[in-house]
Amino acid sequence: MTTFLITSQILVFFHLVFGELTGVSLLWAIKELVYIGQERLKWLKISLWAAFINAVLAWIVGGTYYLFFYPLVKPVIKEGPQPWGHLIIMEAKEHIFLILPVLTFLLAIFAAKRSHALLENPSLRKKFLWLTSLATLLVFSMAILGYLITWGARTALWLKAGL
């Protein structure tokens with residue numbers, strides 16, 4: 001049981017780290033877009049590729065946890081006082097989780113191939129900024145959703161233990 005707990009918590013920790021690094025990289029991209037100029041295009045591309053790489057790493061680590069450890073946690077949540085932690089929150093998280101690496105990849109590819117269009121077209125830059133902001137909001141909402149799922153599991157375990 002100890003190996004299970006340690007391994008699962010290591011995976012959760014690195015999932016959180018890579019997720020937050022994705023969010024920080026997207027915030028960096030937003031800053032570069034707000035103050036866009038020729039010299040900032042390089043940093044925009046770097047920040048978006050960093051977001052993509054971290055999103056993929058969060059995807060791999062989180063997916064590993066989901067496949068090997070979450071099946072043991074899911075019944076605890078569903079039988080506890082907050083079954084919505086799995087029924088609603090986890091369902092939302094699963095769908096957001098699938099789209100984030102794709103979205104960050106598309107943002108990075110566009111910046112790599114068409115970054116000069118962002119300089120020349122303010123309307124395009126504004127749309128790109130909105131899309132990058134949406135990706136950022138989704139990333140940070142994942143942390144909140146993860147907390148709510150953990151809350152459901154911990155509450156169930158605490159009540160089962162009589163706390």
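**Before you start.** This is a predicted model, where local features need pLDDT of at least 70 and side-chain atom pairs count only at pLDDT 80 or more, while totals for chains, interfaces and linings use all residues. Residues are numbered from 1 along each chain as its sequence is written, and side-chain values use heavy atoms, with hydrogens and water left out.

**Stop 1: two helices side by side.** Select residues 41–68, helix H2, and residues 84–120, helix H4. Helices here are DSSP runs (H or I, at least four residues), numbered from the N terminus. The axes of H2 and H4 come within 9 Å and cross at roughly 160 degrees; axes are lines fitted to C-alpha atoms over the stretch in contact, and angles run from 0 to 180 degrees between N-to-C directions. H2 and H4 are therefore roughly antiparallel (angles over 145 degrees). Their contact has 23 nonpolar, five polar and two charged residues. Nonpolar means Ala, Val, Leu, Ile, Met, Phe, Trp, Tyr, Cys and Pro; charged means Asp, Glu, Lys and Arg; the others, Gly among them, are polar.

**Stop 2: the core.** Now show Leu26, Leu44, Leu48, Tyr70, Leu107 and Phe128, which have the most contacts inside the largest nonpolar core, a set of 35 residues. Such a core joins buried (under 20% relative accessible area, 1.4 Å probe, protein chains only) Ala, Val, Leu, Ile, Met, Phe, Trp, Tyr and Cys residues through side-chain atoms within 4.5 Å. Which helix gives the largest share of this core? It is H4, with 10 residues.

**Stop 3: Tyr70 and its helix.** Centre on Tyr70: setting aside residues up to four places away in sequence, Tyr70 touches Tyr65, Ile77, His86, Met90 and Ile149 (contact means heavy atoms within 4.5 Å). Next, compare H3 with H5, which pack at about 65 degrees with their axes 8 Å apart. That makes H3 roughly perpendicular to H5 (65 to 115 degrees). To see the contact, pick Tyr70, Val73, Val76 and Ile77 of H3, then Ile149, Gly152, Ala153, Ala156 and Leu157 of H5. By class, these divide into eight nonpolar, one polar and no charged residues.

**Stop 4: Thr132.** Finally, go to Thr132 in helix H5. Is Thr132 buried or exposed? At 0% relative accessibility, Thr132 counts as buried. Beyond its neighbours within four places in sequence, Thr132 is in contact with Leu26, Ala29, Ile30, Leu33 and Leu107.

Key
Parallel < 35°, antiparallel > 145°, perpendicular 65-115°, else oblique. Buried < 20%, exposed > 50% of the residue type's maximum accessible area, 1.4 Å probe, protein only.
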